[in-house]
Amino acid sequence: MIVFENITKAFPNRTVALEDVTFTIDKGEFVFFIGPSGAGKTTILRLLLSEIKPTSGIVRIEGEDISLLKKNKLPALRRQIGAIFQDYKLLEDHTVKENVAMVSEMLKRTNEEIATQVEEILATVGLKEKADLFPTQLSGGELQRTAIARALTTNPKILFADEPTGNLDPISGWEIIKLLQKINQAGTTVMVATHSEEIVNALKKRIIELEKGRIVRDTKEAKTHKEKTGEKKTEDDSKEDKHKEETQETKAGKAREE
Ligand SMILES: Nc1ncnc2c1ncn2[C@@H]1O[C@H](COP(=O)(O)OP(=O)(O)OP(=O)(O)O)[C@@H](O)[C@H]1O
Ligand SMILES: [Mg+2]
């Protein structure tokens, strides 16, 4: 379970990227983060990876305050989170196969183990035929799938895809979303930052909407955090039946009055 507890992130130049952001994501959920450019979506990913620390508030993963983790525990944390960055971060002078194998190589798995795993993962993302090509030889959708493949090599419990359809035509975009759904159905918690209203509206998944660093809508919580201000918040407040999620989210907005 992922908990963001009253997270504020102000950068040294005083930009407040997130302000008093609170949400809980259960294991196995599929959540969209939406909101205009600069709303704070990528900042959430960077906090989750503990690349940056919150100015105030606590990020918990499986109950653990990640800011208290020793430096030598950070790689283990990051292996739990498959991060697919907005700019892919692929190595240009490495083939698809080599890019995907990179993390496993650092984990000192045997060559045979790595080869088998890479092959399996490339099959999952539909890139078997492209294994020996370099990033410059790939389409946008294929680059995105390479980045997803690389993120899957640690068998992460959580996958965060930052704007995975941003540079893609609608059909390739949908293929990526279908792939993320498939990964989610296999048990991985999936978080997707996106600008695509079409995808978000079609999928009927939980939506957390940010605006200028604040949550203005969370279709699962039924209440925005703004409305909660002043209330005493308990962990139990955030727990709801996950299975109701898909049917209830349209009603959620109306339930705010309560
Ligand atoms: N290292 C930094 N130093 C100063 N300001 C930063 C830093 N990183 C991000 N910001 C600012 O924090 C705010 C949130 O940025 P963030 O990247 O989280 O937005 P985003 O929602 O991911 O936007 P986009 O949809 O364009 O990717 C922006 O105003 C951004 O300029
Ligand atoms: Mg971003």
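Helix H3, spanning residues 96-106, has Val-96, Lys-97, Asn-99, Val-100, Ala-101 and Ser-104 among its residues as buried positions; a residue is buried if 20 or more other C-beta atoms, placed from the backbone, lie within 10 Å of its own, exposed if 12 or fewer, and partly exposed in between. The model is predicted: local features need pLDDT of at least 70 and side-chain atom pairs count only at pLDDT 80 or more, while totals for chains, interfaces and linings use all residues. Residues are numbered from 1 along each chain as its sequence is written, and chains are lettered from A and ligands numbered from 1 in the order in which they are written.

**Overall composition**
- The chain has nine helices and 10 strands, which are DSSP runs numbered from the N terminus (helices: H or I, at least four residues; strands: E, at least two).
- Of the 258 residues in the chain, 36% are buried.
- Among contacts between residues at least 6 apart in sequence, 69% join residues at least 24 apart; two residues are in contact if their C-beta atoms, placed from the backbone, lie within 7 Å.

**Helices H3 and H5**
- The buried residues of H3 pack against helix H4 (111-124) and helix H5 (140-152).
- Just after H3, Lys-108 adopts a positive phi of about 60°.
- H5 is mostly covered, with 11 of its 13 residues buried; among them are Leu-143, Ile-148 and Leu-152.
- The cover over the buried residues of H5 includes strand S6 (81-84), H3, H4, strand S7 (158-162) and helix H6 (170-185).
- From first C-alpha to last, H5 reaches 19 Å, close to the 18 Å expected at 1.5 Å a residue; the expected span is 1.5 Å times one less than the number of residues.

**The four-stranded sheet**
- An open sheet has the strand order S2-S1-S4-S5, with antiparallel pairing; two strands pair if DSSP finds at least two bridges between them.
- Strand S2 (16-25) and strand S5 (64-65) are at the edges, each with a single partner strand, so one side of each has no neighbour in the sheet.
- Six bridges join strand S1 (residues 2-10) to S2 in the antiparallel sense, and Ile-7 stands opposite Val-21 in S2.
- Helix H1 (residues 41-48) lies across S1, S2 and strand S4 (56-61), at about 115° to S1; axes are lines fitted to C-alpha atoms, for helices over the stretch in contact, and angles run from 0 to 180 degrees between N-to-C directions.

**Ala-76**
- Ala-76 is in helix H2 (residues 74-80) and counts as exposed because it has 10 C-beta neighbours inside 10 Å.
- Ala-76 and Thr-154 are 78 residues apart in sequence, and their C-alpha atoms are 9.8 Å apart in space.
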